[in-house]
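The exercises below are worked on a predicted model. Each task is followed by a solution that goes step by step.

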Amino acid sequence: MAAWTSRGLRGSTLEDLINHTIERLKEDGLALVQKVPTPITPIRIDKATRHITLAYFDQKSTVDYLGVVQGIPVCFDAKECAEDTFPLANIHAHQVDFMTEFERQQGVSFLILFFTSRQEFYYMSYSEMMHFWNRMENGGRKSFLISELDPAYFMETGNNSFLPILDYLQKDLNDRESQ
């Protein structure tokens, strides 16, 4: 079991941006996506602030977000990476299994990656994720390089405080149809 003892592990730039984006999508009636809470067992609580200061994760979570976009079931996970090499150890086997089962049920699974040193966001389709995952499973690299990614899926954000997730979801759907 993993433990966390700091509020610093709860939340991130990427997660805050995604949460802001999905709230806006809900307000605009375009999507209903929710952050999936990670089940924890509190061990120590600060009585003065009522904040949990030590807890253990109860079980492996699935993905960070689940929802529906205009009738299309979606699930995705958010991952941050400080380097130009993304370690596949950051994606857990139980998450891959969940996303695979979700896809079998006609849902759409994907990752939103944030390369923090470059301040770049990337929409990684399920098929692209599986390409790298299968390569690793077959004895290949246990990571992928930013240079291996499809340039068309780097998310153009401009000065916007929202991620254009729906634009890239549509691109993913179009690419799936053309295959």
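**Exercise 1.** Determine whether Tyr 153 and Tyr 168 are buried or exposed, and describe the geometry of the aromatic pair that they form.

*Solution.* Start with accessibility: Tyr 153 is buried, and Tyr 168 is buried as well. Next, take the two rings, whose centres are 6.4 Å apart and whose planes make an angle of 50 degrees, which gives a tilted aromatic pair. Then place the residues in the fold: Tyr 153 lies in the loop between strand S10 (143–145) and H4, whereas Tyr 168 lies in helix H4, so the pair ties together parts that are 15 residues apart in sequence.

**Exercise 2.** Count the aromatic pairs of the structure, and classify the pair formed by Phe 114 and Phe 121.

*Solution.* The count for the structure is 10 aromatic pairs. For Phe 114 and Phe 121, the ring centres are 4.4 Å apart and the planes stand at 10 degrees; because planes under 30 degrees apart count as stacked, this pair is stacked. Both of these phenylalanines are buried.

**Exercise 3.** Work out the strand order of the open sheet of five strands, and say which strands stand at its edges.

*Solution.* The order is S2-S5-S6-S8-S9, and the pairing is mixed. Strand S2 (31–35) and strand S9 (120–125) each have a single partner strand, so they stand at the edges and one side of each is left without a neighbour in the sheet. Ignoring direction, neighbouring strands of this sheet are turned by 25 degrees against each other on average.

On the one hand, S6 and S8 pair in the parallel sense over eight bridges, with Phe 76 standing opposite Phe 110 in S8. On the other hand, S8 and S9 run antiparallel and are joined by six bridges; here Phe 110 stands opposite Ser 125 in S9, and Phe 115 opposite Glu 120 in S9. The hairpin of S8 and S9 has four residues between the strands, and in this hairpin Gln 119 takes a positive phi near 55 degrees.

**Exercise 4.** Explain why S8 is described as largely enclosed, and identify the helices that lie across this strand.

*Solution.* First consider the residues themselves: eight of the eight residues of S8 are buried, so the strand is largely enclosed by the rest of the structure. Taking the faces in turn, Val 108, Phe 110, Ile 112 and Phe 114 are buried on one side, while Ser 109, Leu 111, Leu 113 and Phe 115 are buried on the other, and both faces are therefore covered. Now turn to the helices. Helix H3 (residues 126–137) lies across S8 and S9, running at about 85 degrees to S9, whereas H4 lies across strand S5 (65–69), strand S6 (72–81), S8 and S9, running at about 130 degrees to S8.

**Exercise 5.** State how many salt bridges the structure holds, and examine the one between Asp 175 and Lys 171 alongside others.

*Solution.* The structure holds 11 salt bridges. In the bridge between Asp 175 and Lys 171, the closest N and O atoms are 3.5 Å apart. These two residues are four residues apart in helix H4 (residues 165–178), so about one helical turn separates them. Asp 175 is partly exposed, with a relative accessible area of 26%, and Lys 171, at 26% relative accessibility, also counts as partly exposed.

Two further pairs extend the picture. Asp 28 and Arg 24 meet in a salt bridge of 3.3 Å, N to O, with Asp 28 partly exposed at 44% relative accessibility and Arg 24 partly exposed at 36%. Lys 79 and Asp 77, by contrast, are both buried, and their closest N and O atoms are 3.0 Å apart. Finally, Glu 15, Lys 35 and Asp 64 are linked in a network of salt bridges.

Methods. Residues are numbered from 1 along each chain as its sequence is written. This is a predicted model: local features need pLDDT of at least 70, side-chain atom pairs count only at pLDDT 80 or more; totals for chains, interfaces and linings use all residues. Side-chain values use heavy atoms; hydrogens and water are left out. A salt bridge is a side-chain nitrogen of Lys or Arg within 4 Å of a carboxyl oxygen of Asp or Glu. Buried means under 20% relative accessible area, exposed over 50%, partly exposed in between (1.4 Å probe, protein chains only). Two strands pair if DSSP finds at least two bridges between them. Axes are lines fitted to C-alpha atoms, for helices over the stretch in contact, and angles run from 0 to 180 degrees between N-to-C directions. Contact means heavy atoms within 4.5 Å. Rings of Phe, Tyr and Trp (its six-membered ring) pair if their centres lie within 6.5 Å; planes under 30 degrees apart count as stacked, over 60 as edge-to-face and the rest as tilted.
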